[in-house]
Amino acid sequence: ARAAERRVTMVAAAGDRPHLPRRVPIEGYGKGGFRFGGMSHRGSLLCLPSGVWAWPATGVADINETALTPVFDEAADIGLFLLGAGGERWAMPDTLFDRFRALKINVEVSRTGTAISTYNILLGEGRRVAAGFIAVD
């Protein structure tokens, strides 16, 4: 019999937002959440140089300047931001794209599964990558 997956809650951090204070690859996704660092989390994620953060975005309609503020705050340590837009195709509005460009951050938007694969590879190579992943069922 396979052991039940251990469910761990990320530690509370600044502003009581769940946070894992290190960068780790994403081990799995689906059923509305993600597995990483020996834990599981329901909901969307921001994977930043400062660690893995719970992200309140539930769909592309939630992606705006405010939702991306944590990314912009760490811009000096990010060369590429991958946005996993759930199961949808989505074109980032020009105003957001221009904000990334002004901060010298390249952006790539794809479905969440594709973004996770790319993120894990680039993270493993030690690249300056960050990501936002919208949870999928």
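**Figure 1. Phe34 is buried, with a relative accessible area of 3%**. Buried means under 20% relative accessible area, exposed over 50% and partly exposed in between, using a 1.4 Å probe and protein chains only. This is a predicted model, where local features need pLDDT of at least 70 and side-chain atom pairs count only at pLDDT 80 or more, while totals for chains, interfaces and linings use all residues. Residues are numbered from 1 along each chain as its sequence is written, and side-chain values use heavy atoms, with hydrogens and water left out. The structure holds 4 aromatic pairs. Rings of Phe, Tyr and Trp (its six-membered ring) pair if their centres lie within 6.5 Å; planes under 30 degrees apart are stacked, over 60 edge-to-face, the rest tilted. Phe34 sits in strand β4 and Phe133 in strand β10 (residues 129-133), so the pair links distant parts of the chain, 99 residues apart. Phe133 is buried too, at 0% relative accessibility. Phe34, Tyr119 and Phe133 form one aromatic cluster.

**Figure 2. Phe72 and Phe100 form an edge-to-face aromatic pair**. The ring centres lie 5.0 Å apart, with 65° between the planes. Phe72 belongs to helix α1 and Phe100 to helix α2, 28 residues apart. Helices (H or I, at least four residues) and strands (E, at least two) are DSSP runs, numbered from the N terminus. Leaving out residues up to four places away in sequence, Phe100 touches Leu68, Val71, Phe72, Phe81, Met92, Ile105 and Val107. Contact here means heavy atoms within 4.5 Å.

**Figure 3. The largest nonpolar core has 24 residues**. Such a core is a set of buried Ala, Val, Leu, Ile, Met, Phe, Trp, Tyr and Cys residues, joined through side-chain atoms within 4.5 Å. Trp55, Ile63, Leu68, Val71, Phe81 and Phe100 have the most contacts inside this core. At least two core residues come from each of β6 (44-48), β7 (51-55), α1 (69-73), β8 (80-84) and α2 (94-102). A second, separate core of 18 residues includes Val24, Phe34, Leu122 and Val129.

**Figure 4. Three strands form an open sheet in the order β3-β4-β5**. The pairing is antiparallel. Which strands stand at the edges? They are β3 (26-30) and β5 (39-42); each has a single partner strand, so one side of each is left without a neighbour in the sheet. From one strand to the next, the twist averages 15°. Helix α3 (residues 112-124) packs on the sheet and touches β3 and β4. The direction of α3 makes about 180° with that of β3. Axes are lines fitted to C-alpha atoms, for helices over the stretch in contact, and angles run from 0 to 180 degrees between N-to-C directions. β3 and β4 (residues 33-36) pair over 4 bridges; two strands pair if DSSP finds at least two bridges between them. Gly28 stands opposite Arg35 in β4.

**Figure 5. β8, α2 and β9 make a right-handed β-α-β unit**. Right-handed means that, with the strands pointing away from the viewer, the path from the first strand over the helix to the second runs clockwise. β8 and β9 (residues 106-110) pair in the parallel sense, over 5 bridges. Gly84 faces Ser110 of β9 across this pairing.

**Figure 6. Lys31 and Lys104: where does the positive phi occur**? Most residues other than glycine have a negative phi. Lys31 has a positive phi of about 50°. Lys31 lies in the loop between β3 and β4 and is exposed, at 71% relative accessibility. For Lys104, phi is also positive, at about 60°. Lys104 lies in the loop between α2 and β9 and is exposed, with a relative accessible area of 69%.

**Figure 7. Asp77 lies in the loop between α1 and β8**. Asp77 is partly exposed, at 46% relative accessibility. Neighbours within four places in sequence aside, Asp77 contacts Pro49 and Arg128. The C-alpha atoms of Asp77 and Val129 are separated by 8.4 Å, although these residues are 52 apart along the chain.
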